[in-house]
Amino acid sequence: MFVFAVILCIFILYLYHRNEKLNRILGTFPEPPKKFLLGHVLDIKSTTDVLDVFSKYINDFGPTIKLRAATLFAGLGTTDYQLCELLLSNNRILSKSLNYQYARNWLGNGLLTSDGDYWRRHRKILTPAFHFEVLKQFVETFESVGGIFVEKLENSQGSSVDLPPLITLCTLDVICETAMGTKINAQNGENANYVENVKEMCRILIDRGLSPLKILNTTYWMTKDYYKEKKSLKILHTFTSNVIEKRKAERSEENPTKLAFLDLLLKGEMLTDQELQEEVDTFMFEGHDTTASSICFVLYCLANHPQVQGKVLREQIELFGDAKAPIVTYQELQKMKYLEQVIKETLRLYPAVPIIGRCVTEDIIFGEHLIPKDTNIAIFIYGIHRNPKFFPDPETFNPDRFENLNLPPFAYIPFSAGPRNCIGQKFAMLEIKSIVSKVVRCFELRSAEPYHNLLLSAETVLKSANGIKIGIKKRI
């Protein structure tokens, strides 16, 4: 044990000295008060502190600040428009920040975590799966899976309904049936274990960046989360492996008329089995959890803004009359312009991914500052979307602001921006429109009783630690 302690101390000293040069260069940026040896780690005690602490840093010290984790790692956090544009528009700055490495045990070199030529090749292979002609065929699935969701809501209606447990199962059914081409019936009680372990992994990934003991692989194994992660990964990887094998078996027995994302990958045989598994793990996670978060927040905003909900309902009546369950087409989803404004405003206030990261792979000059190679930068989307320069009265929920809003390209980035923007953003918008419009046609949404204040939690995906609760009453 003594030998291990000595080796660990030497390793920490090595990291400290290796990062000291970077730390000195970044000294041209303002830095919030830090704790000796621990940097800013103790300012954030849980995921529910992240947004408030980061917002306070930015408000007190400026749009770009220096941050330190356990004194070993120095980096930047920013809401500065010019710096975000410089980072996100650059075709050479494609590497994700250090904290994304924690997800590699789960997602491998999938599209979220990979970089360089490997990422470029995979992005090129995967992009055709999200062409609008492919997306059109999924509207029928959005409708059928959404129909089951409405039935579940009908059985759950009341003065205080917690949305995430219901909606997460719905979006998991959607991603499996559309992107993976197989039904898993999560809403009817099957495969719910996958959702619980996704939730556990999201917690672990964020906690690793907040804990001095978990931040290093050399000490992470001494924590309970290390063993919890191994248990969760076995369940998650087994699940996605079974999805792949099931689809392979079905393809050998039929000639599918609807080509799912997975079908296109299997058909081309462009990826190895391991690469295929990693992309499926990535899309299974990103394709259901981010969308579930967004739908929850949209319904919450509608429930607490009855005038906005009334306008959404009137738009639905203009399209479908009094029909509660019409056959909705791709073209009709495109006509839901006001609902689209509501979704955009919700994603402004509650972006599904509130913070993204980049690692600078070359020295760059930003104004009077040098940002050296290997600097990790946290792009604070949650704060960017609250810039009063671009969004007057930024804390107010006002979908009308998106009616004729002419924004510069990096002022509103709920799906990131530039070459590494979200490949599935059009898929997500269609799904959100389909599910939300169906719910509004069938139910009157009200504030929960007692009124529910969100406790926002910046996990891998934006959540509310105390749930997202609304009141629901069936329309007659």
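Which side chain meets that of R121 in a salt bridge? In this predicted model, the partner is E275, at 2.9 Å from N to O. R121 counts as partly exposed because its relative accessibility is 36%. E275 has a relative accessible area of 12%, so E275 is buried.

That pair belongs to a wider set. A search of the whole structure finds 24 salt bridges. In another of them, the side chains of K438 and E143 meet at 3.0 Å, N to O. This pair also links distant parts of the chain. K438 lies in helix α18 (residues 425-442), E143 in helix α7 (residues 139-156), and 295 residues separate them. Both K438 and E143 are buried. Elsewhere, salt bridges link E200, R203, D207, K214 and D225 in a network.

Now turn to the sheet. Four strands form an open, mixed sheet in the order β1-β2-β7-β4. Its edges are β1 (64-69) and β4 (355-359), each of which pairs on one side only. On average, neighbouring strands are turned by 30 degrees against each other, direction ignored. Inside the sheet, β2 (residues 73-78) and β7 (residues 376-380) run parallel and are joined by four bridges. L76 has I377 of β7 as its bridge partner.

Two helices contact these strands. Helix α2 (residues 50-61) lies across β1, β2, β4 and β7, at about 130 degrees to β1. Helix α3 (residues 81-88) packs on the sheet and touches β1, β2, β4 and β7. Its direction makes about 120 degrees with that of β7.

The loops come next. P372 is in the loop between β6 (369-371) and β7. P372 counts as buried because its relative accessibility is 8%. Beyond its sequence neighbours, P372 contacts residues including L22, I25, L26 and E362. P372 and E362 are 10 residues apart in sequence, with their C-alpha atoms 6.7 Å apart.

E362 has a further partner: a salt bridge joins E362 to R92, with the closest N and O atoms 3.0 Å apart. E362 lies in the loop between β4 and β5 (364-366) and R92 in the loop between α3 and α4 (104-107), so this pair ties together parts 270 residues apart in sequence. At 24% relative accessibility, E362 counts as partly exposed. R92, at 52%, counts as exposed.

The side chain of K463 makes a polar contact with that of D289 at 3.5 Å.

Methods
Residues numbered from 1 in each chain as written. Predicted model: local features only at pLDDT ≥ 70, side-chain atom pairs only at ≥ 80, totals over all residues. Heavy atoms only, no water. Pairing = 2+ DSSP bridges. Axes fitted to C-alpha atoms, helices over the stretch in contact; angles between N-to-C directions. Contact = heavy atoms within 4.5 Å. Polar contact = N/O pair within 3.5 Å; in protein donor to acceptor, adjacent residues only side chain to side chain. Buried < 20%, exposed > 50% of the residue type's maximum accessible area, 1.4 Å probe, protein only. Salt bridge = Lys/Arg side-chain N within 4 Å of Asp/Glu carboxyl O. Lists of a residue's contacts leave out its neighbours within four places in sequence.
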